[in-house]
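Subject: Structure handover

Hello,

Here is the structure for you to look over. My notes follow below it.

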Amino acid sequence: MARRALTTTAAAFATTAALLLTACGGGDESSSDDTKRADSEPSSPSASASSAAPTVKRPVINLPSSFQLTFENWTSSDPVEQAVLNDGKEQLRAGYEAIIENDPDSKDRAFYDTKNGFLQSRQWIRTYTDKNLTVIGKLPVFDPKVTLAKDKAAASLSYCTDESKASTRNRKTGEVKGNPAGTDPEVLYVISMGKNAQGVWQAVSAHSERGGCAQ
């Protein structure tokens with residue numbers, strides 16, 4: 001799955017985020033408005049058969065229309081892989097919700113992270129909140145790949161994002177900035193995930209590489 005050389009530290013994860021989550025073809029594309037009912041997902045038949053406990057109440061992630069986070073080809077015929085995709089998607093959505101709500105201690109994001117994973121997430125969120133920045137525009141998330149451990153209790157989820165139509169906006173001044181000219185807008189992410197006792201797939205760590213999607 002991971003065919004590219006990746007950064008390996010939380011610091012690298014944060015510094016490569018020149019714009020957004022420097023976090024994750026054809027087929028269904030769902031907008032942020034389509035995925036607000038987190039505790040009712042997955043919607044596909046294969047997803048409903050996933051190993052995630054159906055009684056777990058997942059947080060409802062709300063994103064405004066000013067920031068459109070879309071997921072392309074976010075499906076798998078394997079129910080365990082689909083469960084990883086479902087929770088990986090909500091983990092990413094919860095991170096952007098935290099940025100937009102100016103909440104680095106977001107309980108929604110913490111739900112989808114291990115304790116150590118959330119320390120890394122909070123560091124990333126604060127690269128925005130400490131500077132009074134929020135996010136606007138459109139961020140497609142595409143080319144997902146899941147690799148499961150033999151015991152199916154751990155997984156690696158990789159995906160790409162395209163930041164070309166997304167920007168940051170200063171909450172106080174209203175100043176809007178996109179990626180600097182000449183910056184590759186596509187970023188590759190690899191998320192290490194583990195399944196907790198409730199059946200929720202949580203992020204353990206995340207690594208990113210700007211321009212890695214083209215390799």
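Start with Glu 90. It is buried, with a relative accessible area of 1%. Buried here means under 20% relative accessible area, exposed means over 50%, and partly exposed is in between (1.4 Å probe, protein chains only).

First, the ground rules. This is a predicted model, in which local features need pLDDT of at least 70 and side-chain atom pairs count only at pLDDT 80 or more, while totals for chains, interfaces and linings use all residues. Residues are numbered from 1 along each chain as its sequence is written, and side-chain values use heavy atoms, with hydrogens and water left out.

**Salt bridges**

Glu 90 has a partner. Its side chain meets that of Arg 93 in a salt bridge, 3.0 Å from N to O. The term covers a side-chain nitrogen of Lys or Arg within 4 Å of a carboxyl oxygen of Asp or Glu. Arg 93 is buried too, with a relative accessible area of 0%. Both residues lie in helix α3, 3 residues apart, about one turn of the helix. Helices (H or I, at least four residues) and strands (E, at least two) are DSSP runs, numbered from the N terminus.

The count by this rule is 7 salt bridges. Another of them pairs Arg 58 with Asp 87, with the closest N and O atoms 3.0 Å apart. This pair links distant parts of the chain: Arg 58 sits in the loop between α2 (45-48) and β2 (67-72), Asp 87 in helix α3 (residues 79-100), 29 residues apart. Arg 58 and Asp 87 are buried. Arg 109 and Asp 113 form a salt bridge as well, at 3.1 Å between the closest N and O atoms. Both of these residues are buried. Side chains of opposite charge can pair when their charged atoms come close.

**Around Arg 210**

Arg 210 is in strand β8. Its side chain makes a polar contact of 3.1 Å with the side chain of Glu 163. A polar contact is a pair of N or O atoms within 3.5 Å; within protein, one must be able to donate a hydrogen and the other to accept it, and residues adjacent in sequence count only if both atoms are side-chain atoms. Glu 163 lies in the loop between β4 (154-162) and β5 (166-170). It is buried, with a relative accessible area of 1%.

Asp 184 also meets Arg 210. The backbone oxygen of Asp 184 lies 2.7 Å from a polar atom of the Arg 210 side chain. The C-alpha atoms of the two residues, 26 residues apart along the chain, are separated by 6.6 Å.

Strand β8 (residues 201-210) is mostly covered, with 8 of its 10 residues buried. It runs antiparallel to β7 (residues 186-195), and 9 bridges join the two. Strands pair if DSSP finds at least two bridges between them. Leu 188 has Glu 209 in β8 as its bridge partner. The two strands form a hairpin with 5 residues between them, and Gly 199 in the turn has a positive phi of about 90 degrees.

**Disulfide**

The whole structure has 1 disulfide. It joins Cys 160 to Cys 213, with S to S at 2.2 Å. The cut-off is a pair of cysteine sulfur atoms within 2.5 Å. Cys 160 lies in strand β4 and Cys 213 in the segment after β8, so the link ties together parts that are 53 residues apart in sequence. The link is left-handed, at -120 degrees about the S-S bond. Both Cys 160 and Cys 213 are buried.

**Nonpolar core**

The largest nonpolar core has 32 residues. Such a core is a set of buried Ala, Val, Leu, Ile, Met, Phe, Trp, Tyr and Cys residues joined through side-chain atoms within 4.5 Å. Those with the most contacts inside it are Leu 69, Tyr 96, Leu 157, Tyr 159 and Ile 191. Helix α3 gives the most to this core, with 9 residues.

**Positive phi**

Asn 102 has a positive phi of about 60 degrees although it is not a glycine. It lies in the loop between α3 and α4 (107-111). Lys 152 likewise has a positive phi of about 60 degrees and is not a glycine. Lys 152 sits in the loop between β3 and β4.

Best regards
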